[in-house]
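Good morning, and thank you for making time for this presentation. Please look at the sequence and the structure together as I go through them.

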Amino acid sequence: MTRTISRLFNTHTQAMTAVSELERAGVPHHDISLVASNADNWHDGHRHHTADVEKDNETAEGAAEGATAGGLIGAGGGLLAGLGMLAIPGLGPVVAAGWLVSTVVGAAAGAAAGAATGGVLGALKDAGHSDEDAQVYAEGVRRGGTLVSVKAKDEDAAHVDQILNQHQGVDALARGSEYRAEGWSRFDVGAAPYTADEVIRERQRYGESRSFANQDARDDSLAEERDRRADSPGITTPIRGTDI
C-alpha cells in the first residue's frame, strides 16, 4: 500500500533540498511532485528545465501543452531536472514537475479555466488528502509557497516524513490554523492569483527574501553600470550580478 505525504515549504530552497534528499534516500523521482508559485519571477534566475515554456497560458489546454513541452510529464534525470514553467488559472504562474501537476494538466486539457483550477484540489483529494487539507495546500501555493508531495510505501512513510520535516516542511494542520486566524476559510477557485507584490510579501513573511520581480530593471541597471565602467578605464572593480 502507498500513501501520499505532502508538506508546504516556505522557501523553494528548502523544498529543493528535501527533494534531493528524498531521491538520495531511494525514493523514485516519479513518486515525487513539486509545485511552486512563480508569480514574482523568483525562478527566472534559477531555471532547471531545458525547454522554454510559454508562461502566459490562459486556457487549460495551453497549460497542458506547456507542461508537455516543458518536460513535466515523464521527465528523466531526477525531478528537479524536469522542472518547467506554466500557468494554472487561479494559481497563476508556477514552476512544477512530477505526478501531481501531470494529473492536473491532464485533466485540464480542453477544460474551462475553473475546471482546471479545481483540478488542483481534485488531484490532491484523489491522492488521499482530505478536502480541508487540499484547500490549505492549494492556498499555500497560491500565496507563494512550494508544495512537495510524495507517494510513499507504508514501510517508507516514516522516513519520508522525517526528511520532509527536517527541512522545515509545514503540514496542512499548522498552516491552515495560521490562515484561519486571519479570516481565511477556503481556497477560492474563482479568486485572482496573488500579484507579484503580494507573493513577495508572503515569502518575506515566512523567510524567502529573494525575488526577481524587478529583474529587468536590475539587468538594465547592471548593463548601464558595465557601460559606464567600460568608458572609465580607471575603474577595475568587477560588476557582480544578482546573487542566486
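This is a predicted model: local features need pLDDT of at least 70, side-chain atom pairs count only at pLDDT 80 or more; totals for chains, interfaces and linings use all residues.

Helices H5 and H7 pack with their axes 9 Å apart, at an angle of about 70 degrees. H5 is therefore roughly perpendicular to H7, a term that covers angles of 65 to 115 degrees, while angles under 35 count as roughly parallel, over 145 as roughly antiparallel and the rest as oblique. The axes here are lines fitted to C-alpha atoms, for helices over the stretch in contact, and the angles run from 0 to 180 degrees between N-to-C directions. Helices (H or I, at least four residues) and strands (E, at least two) are DSSP runs, numbered from the N terminus.

Residues are numbered from 1 along each chain as its sequence is written, and side-chain values use heavy atoms, with hydrogens and water left out.

Which residues make the contact between H5 and H7? From H5 they are Glu 132, Asp 133, Val 136, Tyr 137, Glu 139 and Gly 140, and from H7 they are Ala 172, Arg 175, Gly 176, Tyr 179 and Arg 180. Contact means heavy atoms within 4.5 Å.

Let us stay with one of these, Arg 175, in helix H7. Is Arg 175 buried or exposed? Arg 175 counts as buried, because its relative accessibility is 4%; buried means under 20% relative accessible area, exposed over 50%, and partly exposed in between, with a 1.4 Å probe and protein chains only. Not counting residues up to four places away in sequence, Arg 175 touches Leu 8, Asn 10, Val 136, Val 170 and Tyr 206.

With a relative accessibility of 3%, Gln 135 counts as buried. Leaving aside neighbours within four places in sequence, Gln 135 is in contact with Leu 121, Trp 184, Arg 186 and Phe 187.

I turn now to the nonpolar cores. A nonpolar core is a set of buried Ala, Val, Leu, Ile, Met, Phe, Trp, Tyr and Cys residues joined through side-chain atoms within 4.5 Å. The largest has 26 residues, and Ile 88 and Val 94 touch the most other members. At least two residues each come from strand S3 (84-88), strand S4 (92-98), helix H3 (99-108), helix H4 (113-126), helix H5 (131-142) and helix H7 (172-181). H5 gives the most to this core, namely five residues. Another core, of 24 residues, lies apart from it and includes Ala 18, Ile 32, Ala 36 and Ile 163. As a general matter, nonpolar side chains in soluble globular proteins tend to be buried together.

The axes of helix H1 (residues 12-24) and helix H6 (residues 157-166) come within 9 Å and cross at roughly 150 degrees. H1 is therefore roughly antiparallel to H6. Their contact is made by Ala 18, Glu 21 and Leu 22 of H1 and by Val 160, Ile 163, Leu 164 and Gln 166 of H6.

Beyond H6, Gln 168 is placed in the loop between H6 and H7. Gln 168 counts as exposed because its relative accessible area is 52%. Its phi is near 70 degrees, a positive value in a residue other than glycine. Most residues other than glycine have a negative phi.

Two residues of H3 and H4 come next. Thr 103 is found in helix H3 and is partly exposed, with a relative accessible area of 38%. Gly 122 is found in helix H4 and counts as partly exposed at 22% relative accessibility.

I close with the protein as a whole. There are nine helices and five strands, in the order β-α-β-α-β-β-α-α-α-β-α-α-α-α along the sequence. Of the 244 residues, 49% count as buried. Among contacts between residues at least 6 apart in sequence, 76% join residues at least 24 apart.
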